Amino acid sequence: RHVCRQTVGRPLLQAQTARGLSSKMSEHKPVPGNVGDEYFDFTKENYERVATILAKYPSNYKQSACIPLLDLAQRQNNNFL
């Protein structure tokens, strides 16, 4: 009976610990090159790629290009946004 309680309680404890750690991981730590007031803009070459990506989608589905455009932005910014 005692062993059963430990086994049942362990996943809950691990889940609570994981939740506690995830909130710490999501805190923003300002470092040079990573502050909230910095401006991002695509390069001239990437604006051409943006136009190519957007051209693949009908006018009423342009929002579907969000993920490919985010990927392009991350690639331009050393895989970090």
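**View 1. Asn 78 is found in the segment after helix H3 (66–76).** Helices (H or I, at least four residues) and strands (E, at least two) are DSSP runs, numbered from the N terminus. This is a predicted model, in which local features need pLDDT of at least 70 and side-chain atom pairs count only at pLDDT 80 or more, while totals for chains, interfaces and linings use all residues. Residues are numbered from 1 along each chain as its sequence is written, and side-chain values use heavy atoms, with hydrogens and water left out. Asn 78 has a phi near 55 degrees, which is a positive value in a residue other than glycine. With a relative accessible area of 70%, Asn 78 is exposed. Buried means under 20% relative accessible area, exposed over 50%, and partly exposed in between (1.4 Å probe, protein chains only).

View 2. From the N terminus on, the elements run α-α-α. Of the 81 residues in the protein chain, 10% count as buried. The accessible surface of the protein chain comes to about 7200 Å², and 58% of this belongs to carbon and sulfur atoms. Accessible areas come from the Shrake-Rupley method with a 1.4 Å probe; for residues, only the protein chains shown count as cover. Among contacts (heavy atoms within 4.5 Å) with a separation of 6 or more, 35% join residues 24 or more positions apart.

**View 3. Confidence in the protein chain is lowest in helix H1 (residues 2–25) and highest in H2.** The score used is pLDDT, the predictor's confidence in each residue, from 0 to 100. The mean is 56 in H1 and 97 in H2. The protein chain as a whole averages a pLDDT of 78, and 64% of the residues score at least 70. Where pLDDT is low, the predicted coordinates should not be read in detail.

**View 4. The largest nonpolar core has seven residues.** They are Phe 42, Val 50, Ile 53, Ala 65, Leu 69, Leu 72 and Ala 73. Helix H2 (44–55) and H3 each supply at least two residues of this core. The largest share, three residues, comes from H3. A nonpolar core is a set of buried Ala, Val, Leu, Ile, Met, Phe, Trp, Tyr and Cys residues joined through side-chain atoms within 4.5 Å. Not counting residues up to four places away in sequence, Ala 73 touches Phe 40, Phe 42 and Leu 81.

**View 5. Val 50 and Asn 46 are shown in helix H2.** Val 50 counts as buried, at 11% relative accessibility. With residues up to four places away in sequence set aside, Val 50 touches Phe 42, Leu 69 and Leu 72. Val 50 and Pro 68 are 18 residues apart in sequence, and their C-alpha atoms are 8.9 Å apart in space. Asn 46 is buried too, with a relative accessible area of 6%. Leaving aside its neighbours within four places in sequence, Asn 46 is in contact with Leu 72 and Gln 76.

**View 6. The count of salt bridges comes to two.** A salt bridge is a side-chain nitrogen of Lys or Arg within 4 Å of a carboxyl oxygen of Asp or Glu. Side chains of opposite charge can pair when their charged atoms come close. Arg 49 and Glu 45 are separated by about one helical turn because they are four residues apart in helix H2. Arg 49 is partly exposed, with a relative accessible area of 42%. Another salt bridge joins Asp 71 to Arg 75, the closest N and O atoms being 2.8 Å apart. Asp 71 and Arg 75 both lie in helix H3, four residues apart, or about one turn of the helix. At 34% relative accessibility Asp 71 counts as partly exposed, whereas Arg 75, at 58%, counts as exposed.

**View 7. Phe 40, Ile 67, Leu 70 and Leu 81 make a nonpolar surface patch of about 380 Å².** Patches are made of residues with over 30% relative accessible area and no salt bridge; like charges are joined within 9 Å, and nonpolar side chains (Val, Leu, Ile, Met, Phe, Trp, Tyr) within 5 Å. Leu 70 lies in helix H3 and is partly exposed, with a relative accessible area of 41%. Leu 81 is found in the segment after H3. Leu 70 and Leu 81 are 11 residues apart along the chain, and their C-alpha atoms are separated by 8.7 Å.
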